[in-house]
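This report covers a helix pair, a pocket and the confidence of the model.

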Amino acid sequence: MKIAITGKGGVGKTTFSSMLSRMFANDGYRVVAVDADPDANLALALGFPKEVYDSIVPISEMKKLVADRTAASISSFGKMFKMNPKVDDIPETLCKEYNGVRLLTLGTVDSGGSGCVCPEHVLLKRLCSHLILQNKDVVIMDMEAGIEHLGRGTAESVDAFIVVVEPGERSLQTYRKVKKLGSDIGVKKVFVVGNKIRNKEDEEFIKSNLEDGESLGFIYYNQDVIDSDRANQSPYDTSEETREQIKAIQQQLLQLQVCN
């Protein structure tokens with residue numbers, strides 16, 4: 001199963017990504033969690049110790065690695081380089097592992113425009129394709145907020161998008177854009193998880209804006225989960241109630257056989 005988790009900023013993508021990754025790992029799956037958000041903090045949400053988190057260097061910032069794999073001179077990035085760099089050894093050599101989850105932090109590329117073609121971008125896109133197309137692990141990609149990543153194509157070969165939404169129109173507008181642009185790049189399966197739910201009315205509001213079969217479930221507002229960030233704890237370890245709600249979403253994913 002290879003999924004990309006996206007949505008409007010602040011809806012809880014990283015919290016959901018980390019908890020779903022931990023759940024699959026605890027169930028015996030081989031999990032690769034990919035932090036594809038420029039504001040990378042998935043490691044902390046997964047429960048990585050601060051000293052390990054501080055040691056992580058995003059792949060996009062590994063200039064020597066980028067240069068070696070793309071045959072681009074560091075002093076002349078943006079000129080000639082390989083479009084199909086070797087990446088198959090990167091997950092095993094550069095992943096950090098904790099709580100049974102292997103983490104790969106991509107970082108960002110400081111180039112404007114969705115059509116960026118540069119050595120860093122080519123390496124990241126190739127790496128994502130390798131994870132998505134060849135490995136038999138569960139791959140969970142925590143994407144950046146919004147829809148720009150769809151234009152860059154770093155998630156163009158996933159089995160499905162999961163859009164995390166709040167019970168509000170602005171959040172649902174992002175879901176509609178993800179659905180359209182996902183279809184444009186060949187991702188036909190787009191599901192929705194409602195987060196920060198307060199009551200049944202919130203659930204009904206979200207479901208009334210979706211097509212049948214798109215809703216995976218709901219995660220209710222939980223102060224313990226909110227406070228986990230302040231305490232530098234993984235949200236997975238703070239609330240049994242929220243874990244049960246994530247478990248129901250995970251089971252729904254498995255029943256839908258997303259990877260087929």
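## Helix packing

Helix α1 (residues 13-26) and helix α11 (residues 240-256) have axes that come within 10 Å and cross at roughly 75°. The model is predicted: local features need pLDDT of at least 70, side-chain atom pairs count only at pLDDT 80 or more, and totals for chains, interfaces and linings use all residues. Residues are numbered from 1 along each chain as its sequence is written, and side-chain values use heavy atoms, without hydrogens and water.

Axes are lines fitted to C-alpha atoms, for helices over the stretch in contact, with angles from 0 to 180 degrees between N-to-C directions. Helices (H or I, at least four residues) and strands (E, at least two) are DSSP runs numbered from the N terminus. α1 and α11 are therefore roughly perpendicular (65 to 115 degrees).

From α1, F16, M19, L20, M23 and F24 meet T242, R243, I246, K247, I249, Q250, L253 and L254 of α11 (contact: heavy atoms within 4.5 Å). Nine of the contact residues are nonpolar, two polar and two charged.

## Pocket lining

α1 supplies the largest share of the lining, five residues. The lining divides into 13 nonpolar, twelve polar and five charged residues.

## Confidence

The chain averages a pLDDT (predictor's confidence per residue, 0 to 100) of 83.

Technical notes. Parallel < 35°, antiparallel > 145°, perpendicular 65-115°, else oblique. Nonpolar A, V, L, I, M, F, W, Y, C, P; charged D, E, K, R; others polar.
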